[in-house]
Amino acid sequence: APPSSPPFLPPHLKLPAPSSPREPAGNEWGTGAISNARFGGVRLSDVLRDAGVSQPAEAVRAGVQHVHFEGSDGCRVSVPAKKALDEAGDVLLAWEMNGEPLPRDHGYPLRVLVPGHVGVRQVKWLTEVQLAEEDAPGMWNRGLAYKVFGPSVTSVTEEEIAATPTMQEMPVQSMIAEPRPNAKLDAGSPVDVRGVAWSGGGRGIVRVDVSADGGASWHKATLAEGSEQPPDRAWAWTFWEAEVPVAEAEGATTIICKATDAAHNSQPESVAGIWNLRGLNNNSWHRVPVVAIGDGDDDEAASEPQAAAAPAPPARSNSRYGGAFESSEPPAPTSEPRYGG
């Protein structure tokens, strides 16, 4: 069916115009869209079962292909019925965040959590859940906002937008939290590198590779908290750490990380092959520029102006649902299970 609303954003959400055909139409997030929190509530599958939808297969036979969610702000999206109706999908109607009532900015009094899916599916201020044959109308499902096109496409028609599936699950990705950008490190000496990794669809992280010499050599990181999650329900971050040698040569170099998930999807080296009009799903290797210095450079380096501090690295605490695009305070340490279920 054709979109029931224009596929492009309304005037009050107008995207900045790209300065060139190769600049994506959108805002640059960097690693600022990554967060992790613990949510509490009730499984959507349990609510629907209580309402008479006893089995996902029965709903599908009855023609249900999508489940719509709408918030009081007018945001209406949908996810595949299989994800929403399956108990193992862990879709949650949440009223609690990090052990407290949902903050207003995070959807009080009720929101939906669709773990493993892109953040726009996590509707806040939830007012309606609907079983449907078709996906949700509007820009967030049928419009341009979350449609990914090929790297040579710089303009699209409404017909092309309507024919392109919207984003649901996201690709494997990782980020470096330490050291900070432009840090000065001893050339040839080991450096502790720490970060997090995550993959959409609940696919667990099986390996993270790290380089401290611009990719000339690679070292396997140790997977830490989060690595105990089930490989098919790994909704939260997986922390990793590695001790790797800095490049021998003095001067600018780059620390790089790349992750591999349980389906053996791995991050691409560069954005060239995955560039798209909207700048979505850029999961290319994460790079942090650093400077390798010699022993005689210590005093000089100490007197040089320091780069602005990067955001603090994430706290070593996981939660049931990772990957929603929001900031939040880290939850207090807990001995409870830290993944879906």
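Predicted model: local features only at pLDDT ≥ 70, side-chain atom pairs only at ≥ 80, totals over all residues.
## A tour of the salt bridges and cysteines

Begin by selecting Arg-43, Asp-90 and Arg-233, which are linked in a network of salt bridges.

Next, select helix α1, residues 44-50, where Arg-49 and Asp-46 lie 3 residues apart, about one turn of the helix. These two residues form a salt bridge in which the closest N and O atoms are 2.9 Å apart; Arg-49 is partly exposed at 36% relative accessibility, and Asp-46 is likewise partly exposed at 30%.

Move on to Arg-76 and Glu-70, whose side chains meet in a salt bridge at 2.4 Å, N to O. Here Arg-76 is buried, with a relative accessible area of 14%, whereas Glu-70 counts as partly exposed at 22%.

Glu-178 belongs to β9 and Arg-194 to β11, so the pair ties together parts that are 16 residues apart in sequence.

Now turn to the cysteines Cys-75 and Cys-257: Cys-75 is buried at 14% relative accessibility, and Cys-257 is buried at 0%. A search of the whole structure for disulfides finds 0.

Finally, zoom out to the protein as a whole, which has 5 helices and 18 strands and in which 44% of the 341 residues count as buried. Its exposed surface comes to about 16700 Å², with 52% supplied by carbon and sulfur atoms.

Conventions: Residues numbered from 1 in each chain as written. Heavy atoms only, no water. Disulfide = S-S within 2.5 Å. Buried < 20%, exposed > 50% of the residue type's maximum accessible area, 1.4 Å probe, protein only. Helix = DSSP H or I, 4+ residues; strand = E, 2+ residues; numbered from the N terminus. Areas by Shrake-Rupley, 256 points an atom, 1.4 Å probe, with all protein chains shown as cover. Salt bridge = Lys/Arg side-chain N within 4 Å of Asp/Glu carboxyl O.
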